[in-house]
Amino acid sequence: QLHSDLDKGVGSVKYTLSGDGAGTVFTIDETTGDIHAIRSLDREEKPFYTLRAQAVDVDTKKPLEPESEFIIKVQDINDNEPKFLDGPYVASVPEMSPVGAYVLQVKATDADDPTYGNSARVVYSILQGQPYFSIDPKTGVIRTALPNMDREVKEQYQVLIQAKDMGGQLGGLAGTTTVNITLTDVNDNPPRFPKSIFHLKVPETSHVGSAIGRIRAVDPDFGKNAEIEYNIVPGDGGNLFDITTDEYTQEGVIKLKKPLDFETKKAYTFKVEASNLHLDHRFHSVGPFKDTATVKINVLDMDEPPVFSKPMYTMEVYEDTPVGTIIGAVTAQDLDAGSSSVRYFMDWKNDVDSYFTIDATEGTIATNELLDRESTAQYNFSIIASKVSNPLLTSKVNVIINVLDVNEFPPEISVPYETSVCENAKPGQVIQTITAADKDLSPAGQRFSFKLSSEASNKPNFTVHDYRNNTAGIETRRNGYSRRQQELYFLTIVIEDSSYPVQSSTNTLTIRVCRCDSDGTIQSCNVEAIFLPVGLSTGALIAILLCIVILLVIVVLYVALRRQKKKDTLMTSKEDIRDNVIHYDDEGGGEEDTQAFDIGALRNPKVIEDNKIRRDIKPDTLRFTRHRPPAEDNTDIRDFINQRLQENDVDPSAPPYDSLATYAYEGNGSVAESLSSIDSLTTEADQDYDYLSDWGPRFKILADMFGEESYNPDKVT
């Protein structure tokens, strides 16, 4: 209640309230000044309120006193239970932990006022989980309550924790949470084999490195504590087998280290030891963390392929060895009890295998072709051996044949050299260092020797100095050289090798004489430099050569024209009067011009042609035909012409136009008879050429030559 000293109780004073919760949480009686709460209060929501009050005159509305401030504090009651804000909890503790081992600390929160009474005083207790775990009632720390809890017996525990306020007294509020505790594994158990002897059966054909069996030791631990390492105890058969651990199943995988042979040994016995990889020193007193078992392996007899005596064969043969020469042999045996015969054959893969053959029974390898080391220095192929009793059982072996070199190639100068010597060179000066190369496969220590040929050694120009390291130097023997006298020198050098038989070659080294300065630097080696002292330039030399060539061409043309003019003259001797074409100084139109000369008149003067228009080209103007006296009916000529005409019509290679065809057939009863002198029975003097004048103007010149005057060679033009 608020009250002012100026309030006389007559209703002249009015009280007002402002601040936190005024009008919403708290209200004031304006006449009496009593303050009331109009709703429930929660300390956890707001522990106190700050308000302001004032007394005002009812009539004047003026304050009678200054405004005063006061605080209303909410007193706490136990209305909130403890709560585990982080629950439920998950914890772990190693198995076999001692009593009192720390597990986890839990914490409950009470919203009540811890400064007022016991409303916020919390006490912890275990409702479920005893006797394995305990909890501190004040701190909430959970610890182990039993020793040697074994994970292999029980791994998971669920503990129910209670937190109660009011110090755990009757009437206090309580809250609970769950703690899931897991026992973690420690290596407290050694591996143990479930049985003391393991029996395995292994075929003798098992491959080296293959798994032939599995054994397993049991370890109840978990994770890395259950990892097992297997080892073979040294003893019988331990060197033939190996054992590894399967990381997923922790089984011991027995593998074969060497091949098995039933005929050699039929059974093996050895011991295997299993032990943990990660040991815990706290449990060493329990005993050794390993176990031992016996493994007995029985080898099964199998039909095996033949076995070669060597894993690989290496042979050597000289090149150019005669075909059929035996260079080596391979041997394979059947080691089974039956001991079957073996057959050999080559594993054909490419054409290289055809250079050799193998005897199917004996296994001898012989050459099938001539070998050339320079072409192929080594051959690598495979030989297959199979059992006669079971051809499907085969084995393979690699054969390497090295082709040995026969010294068949002589050494030669390795590269072409451009050697030059100065005109002012001194005797003993090295102008070139040369090396040699040999196509043969040079053995270690082979040397090449250099010397001048017998012909070159007699000349006082150059010499060869053999350095005896497969190189040689070309040295001068004269004091100066002249390009005017000799520009090029050809030095013949003989190079020999040291192999057997000795091979040698003669090489020619070209040495050019050059003009050099006093230091030996080459200034010029061309032809122009040789003639410069004479005063002739390159242009002058070219002009002289060109004039000489022109004169030679003129002379050749003149001689050719003279010979052509002699050929144009008529033949004068009587042996030359044969079927020849005689020049009449009358040019024709070419071989297509059949109008210029009627060759048919030479065959038969009575042959007439009604139309002599050229048929291979289109005529420009219409020409009139010339009529001749009708010829006598000659049946055989007509039949022959018709036959040739048909042959030309069907000939695909004939020209595509109608051209004149010469049939070289005179026919019977020709008035002109033959113009050839081959068949003439009489001599030139006995013949009468008067009939040529009857053949028309075309034969006038011929008639004048042979008809009116005697034959005179000097008059033929």
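Entry 1: The model is a predicted one, in which local features need pLDDT of at least 70 and side-chain atom pairs count only at pLDDT 80 or more, while totals for chains, interfaces and linings use all residues. Residues are numbered from 1 along each chain as its sequence is written, and side-chain values use heavy atoms, with hydrogens and water left out.

I noted that strand 16 (residues 241–245) runs antiparallel to strand 17 and is joined to it by 5 bridges. Strands here are DSSP runs of E, at least two residues long, and helices are runs of H or I of at least four, numbered from the N terminus; two strands pair if DSSP finds at least two bridges between them. In the hairpin of strands 16 and 17, with 5 residues between the strands, I found Gln250 at a positive phi near 60°.

I then followed strand 17 (residues 251–256) to strand 14 (residues 211–216), and recorded antiparallel pairing over 5 bridges. Arg214 has Val253 in strand 17 as its bridge partner.

**Entry 2: Val141.** I placed Val141 in strand 10 (residues 141–144). Val141 is buried, at a relative accessible area of 13%; buried means under 20%, with a 1.4 Å probe and protein chains only. Leaving out residues up to four places away in sequence, Val141 touches Tyr102, Leu104, Gln105, Ser134, Ile135 and Asp136, contact meaning heavy atoms within 4.5 Å. I read 7.5 Å between the C-alpha atoms of Val141 and Tyr102, which lie 39 residues apart along the chain.

**Entry 3: whole protein.** I recorded 6 helices and 37 strands. Of the 717 residues, 33% count as buried.

Key: Buried < 20%, exposed > 50% of the residue type's maximum accessible area, 1.4 Å probe, protein only.
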